Every structure is written in structure tokens, then in C-alpha cells.
Amino acid sequence: MRKLLTGAAVALSAAVPGALAAVGPGAHEVPSRPAPALRAASAAQALPAPQAPPAGPELASLVELKDVQRHLSAFQQIADYNGGNRAVGGQGFAVSVRYVVGRLTKAGFKPKVQRFTFPYWRERSKPVLARVAPSRASYAVGTDFLTFAYSGAGQVTAPVQAVDLPPSGEGTSGCESGDFAGFRKGSIALMQRGTCSFATKVAKAKAAGAAAAVIYNKPGEKGPVNGTVEKVAPIPVVGPSYKVGAELAKAAKKGGLKLRLKTDAVHGKRSASNVIADTRRGRAGNVVVAGAHLDSVPAGPGINDNATGAAALLAVAEKIGKLPARDLRNRVRFAWWGAEEEGLVGSTHYVTSLSAAERGRIALDLNFDMLGSPNGTRAVYDGDHSTHVGTVPPAGSGAIEKVFRDYFAGRRLPVTQTPFDGRSDYGPFVAKGIPSGGIETGAEGVKTAAEAKAYGGRAGKAYDPCYHAKCDRMKNVDLKLLGTNVGGVAYAVQRLAASTLPVNGEARVAAATAVPYRPEWLGPYLVR
């Protein structure tokens, strides 16, 4: 997962427990983003309470932090003995799947392993972006530019031609075929990020005869473009920062600009799996899906991202059988998604493989991705769209948000909000109009002063300094924050397993999104 928390800051709750100070390794500077909205967990909501108290024990009390830690330790050991990661396509992921299946089977489930293939893409060596005329300059990968996921491989030295670059703002550079009128074949197309998808820009550039594409960032956006063209492109594609792009645009306008661009990537088909397990009790026509992605990135073991979510879900599944029938009126479907880090591939495969009737039996989706960031917040997905950021979620999502708020309000714990922007596995569910919700604690975004006051930790530093890095190990998890979030996971699963009345009136109807789903992200990558 690659997350940026956004939204307008609002008033903080006065009740902020000091015990939530973050622990973990020192943070480092990363580009700032707008801060997530913070509200008192007890803020009034115009929605009914989910149900009466449970008939039996509280699942949040049955699931202990030590249960989750045991699974985290297992995932760490699996990575350590299998190349240092649990990425799809490798043995670390395969062993993680077997571990989850084994634990579920021991707990009385009959788990299913849903296999699928996905378009594999990896860079084999560092890319190159350099200016060779009229003057020479080299650009640094990671700081000045990045290769787009699914870029084609190749080496090009050619003149640069600007494509409908806007004088200011976002613009529609490269979005229309007319933008390429007079384009000289064999040139490198220079475009600015904005409006349409990167895939559209690259397809139109290739059709016009471009040998490569350079798509630089929008004004006001820091750093290079971490984007995807979604399918393997026939030409190399890189994404510079706005600063670098603006310099190139100025040089291109004067004439004579020539660039050298090299990308070295391998691509093909790889296999991965989802693990799906249903409770034996509960109505099959009103299913609560609770999911977390199981894979890591190749760079590290992925303990915060996302062994924390996978382990929390596994611990809840192991204890849910202790609940009485009254608390399991609705079937709970636990899911561990594969290939999230490749662009939500596993969850998308699952949702799109269902028939319309099968999707109609899903009452809602809960998503848990990164639950213990060492400098994190407690971010609940913005189901009522009160921040007006990201996609407007399907009707019923606001009620799910309130379920989490009710739990944390009762424990005088602060919450923030995070938008539905396509960065995690709720994406394909939201796209099909299925109410969604969940929790996360932040990735490469920067903690604000208000958040540091609410949660402890360090303002101006990353929520997770080891995000997508080798150091995302057990020591990279704030166990106090994780413990409170595990309680929230268990509480929401129990309440919604007993009743989905506030979400859908206890009866699924044909799902439909309020507005067309047009996310900015596809998992860890920008799409436009």
C-alpha cells in the first residue's frame, strides 16, 4: 500500500490520551501533503446506532494483542527465511498463504485458495534520464524522476517535443489526439500530468509516433510521479518532478532540447492467490467481507504494511467462533488479498469474478491496511464524505464509519479521517457500489502538529519512516496503536455480523455508485 492521508483539518477532541505516544525508529523528511481531518470520536452523526449490545462476549475482549503479535512474528520469520520479503511471485508469499490456511483450518474454517495470474513487472536496473543538448545534465532517480510501473524497456536519445503544455494549472496535456498535431515521429513526447489517465497519454503519444514519453508532475505537487500505465507500454515512460519538468518545458520551448532516456524492465505473467474463509453460521444472502492484503513489496518483509492488517484479521477469525448465534446473523467472509502491491490485483480479481447475483449478496466491505504505523494516527475511512476529498463512497459507508467512531468514542480515543482515493483493497468494492469502511494509520505522509498533539509522536515526520522499505520489521510497529485498532476491527466485525440495519436495512439491493468511480490511485500507484 502507498497511502497519503488527506482532508481539511478541523477541531480536535479535548480527550486525548497521553499513552498513545508513538514508538519506533526515527523518522525522516518526506514531501508534505494536506493533513487528514481530525474530529472528536464522539462527534454527532445523523445515523442510528448499529444495534443493541451483543448477546455474548465482546469479540474485542476475546482478541488479545499477543494473538496478533504471534502472527506478526510468524510473518517476519517467513520473510527472513525466504529472501527477505513476502512479495507475490516469491516463496515468502507462498509460505504466508500456507500459514494463513493452516491457522484457519485449525480454527474450524474451510478456507479456499483462489488462484489468479497478474501482469508482473519489475525494473532490473536503475533508469537513466539525462539532458544531452543544448547543455548536459543528469537527473537522479527517486528524487528527480521515477519509472512508471509497466513502462516499456528501451534506450532512446532523441529530440523532445512539448505536447499541449498548459501555461498554468493542471491542463489536459496529451489527453486528446489533436494535442499531437504536427508531432515529429521518433521524438520524445513531453507532457504534464493532469485530467486524463497516464495510460491515455501514453497511448496517444505512441499512436503519434513517440519513441518515449516523459510525464512530469502538476504544479503544487512535490517529488516525481509515482505512476502506472496499468498495462505494459510499448515505449519507455518516466515521471519527473514538476521542477524538472518545468525546466525541460522551458528548454523545449527554446528549441534544440534532446534527452537520453533508458529503462530496463522485465515483464510477464505471474501467479498469486487470495485466501477466502466464511463463517459457518450467518445468512449467506447478507455477507460482511473483512479483508487485508497479505503481500509485501519486494524491498522488505512488510510487517506494518501489511502483516498488521493480515494478522489482526487472522486473530479475529480465530476467536469469532466463540460468539453465540445471535451475534452471527450475517455470514462473515474473511479475505487475505494477494498482489495488492501490484495494483489491487487480488481484490479486483475476486470482485470481478463474482456474478451480479453473488456481488448482490455482499452487504459491505471492511478493509484493514497498515494498523500500527510507528508515528501514525488512527484514520477511519470517510464514509460520509464530510471532508469532500476522494471518491464519494456508496450509500451505507457513512454508517460503517460511525460503527468505528462509536467504538473509539467509548474508549476516549481520537480518530482522523482518510479518503476513498483508491489506495487500498476497498477500491474494487467501491467501484461496484458496495458500502465500504475500515482503518489505517498512515504511510509516507507527514504528521501534522495537531496530530502529534492528539496521538503523540513527531510532527513533520513520516507516519511510517520504513514504508515500503527493508526496515519494515517488527520494530517498525507501534504496538499500543495496533492494540487499540485490533479492538476496533473486532468490534466492527461483531456488530456488523449481528446486524447491517444502518448500512442496508438488513437486505441487499442492487448496488450502484452515487457518482462514477474515478480514483486517483490504483493501490500504490497514481493512475492520473
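I began with Cys466, which has 4% relative accessibility and therefore counts as buried, the cut-off for that class being under 20%. This is a predicted model, and I read every value below with that in mind. Cys471 has a relative accessible area of 36%, so I put it down as partly exposed. I then looked at the sulfur atoms of these two cysteines and found that a disulfide joins Cys466 to Cys471, with an S to S distance of 2.1 Å. The link of Cys466 and Cys471 is left-handed, with -115 degrees about the S-S bond.

Next I asked myself how many disulfides the count comes to. It comes to two disulfides, and I turned to the pair formed by Cys175 and Cys196, whose sulfur atoms lie 2.1 Å apart. I located Cys175 in the loop between strand S6 (154-162) and strand S7 (188-192), and Cys196 in the loop between S7 and helix H4 (198-207); the two are 21 residues apart, and the pair links distant parts of the chain. Both Cys175 and Cys196 are buried. Numbering the bonded cysteines in sequence order, I wrote the pairing as 1-2, 3-4.

I moved on to the helices and took H12 (residues 479-498) with H9 (residues 397-410), whose axes come within 9 Å and cross at roughly 130 degrees. H9 and H12 are therefore oblique to each other, and I noted their crossing as right-handed. On the H9 side I listed Val403, Phe404, Asp406, Tyr407 and Phe408, which meet Thr484, Asn485, Gly487, Gly488, Tyr491, Ala492, Arg495 and Leu496 in H12. Sorted by class, the residues of this contact of H9 with H12 are seven nonpolar, four polar and two charged.

What angle does helix H2 make with H12 where they pack? I found about 115 degrees for H2 (residues 65-80) and H12, with their axes 10 Å apart. That makes H2 roughly perpendicular to H12, and I recorded the crossing of H2 and H12 as right-handed. Here Leu65, Val68, Gln69 and Leu72 in H2 meet Leu479, Leu482, Gly483 and Val486 in H12. My tally for the contact of H2 with H12 is six nonpolar, two polar and no charged residues.

Key. Residues are numbered from 1 along each chain as its sequence is written. This is a predicted model: local features need pLDDT of at least 70, side-chain atom pairs count only at pLDDT 80 or more; totals for chains, interfaces and linings use all residues. Side-chain values use heavy atoms; hydrogens and water are left out. Axes are lines fitted to C-alpha atoms, for helices over the stretch in contact, and angles run from 0 to 180 degrees between N-to-C directions. Helices (H or I, at least four residues) and strands (E, at least two) are DSSP runs, numbered from the N terminus. Angles under 35 degrees count as roughly parallel, over 145 as roughly antiparallel, 65 to 115 as roughly perpendicular and the rest as oblique. A crossing is left-handed if the near helix is turned anticlockwise from the far one by less than a right angle, and right-handed if clockwise. Contact means heavy atoms within 4.5 Å. Ala, Val, Leu, Ile, Met, Phe, Trp, Tyr, Cys and Pro count as nonpolar, Asp, Glu, Lys and Arg as charged, and the others, Gly among them, as polar. A disulfide is a pair of cysteine sulfur atoms within 2.5 Å. Buried means under 20% relative accessible area, exposed over 50%, partly exposed in between (1.4 Å probe, protein chains only).
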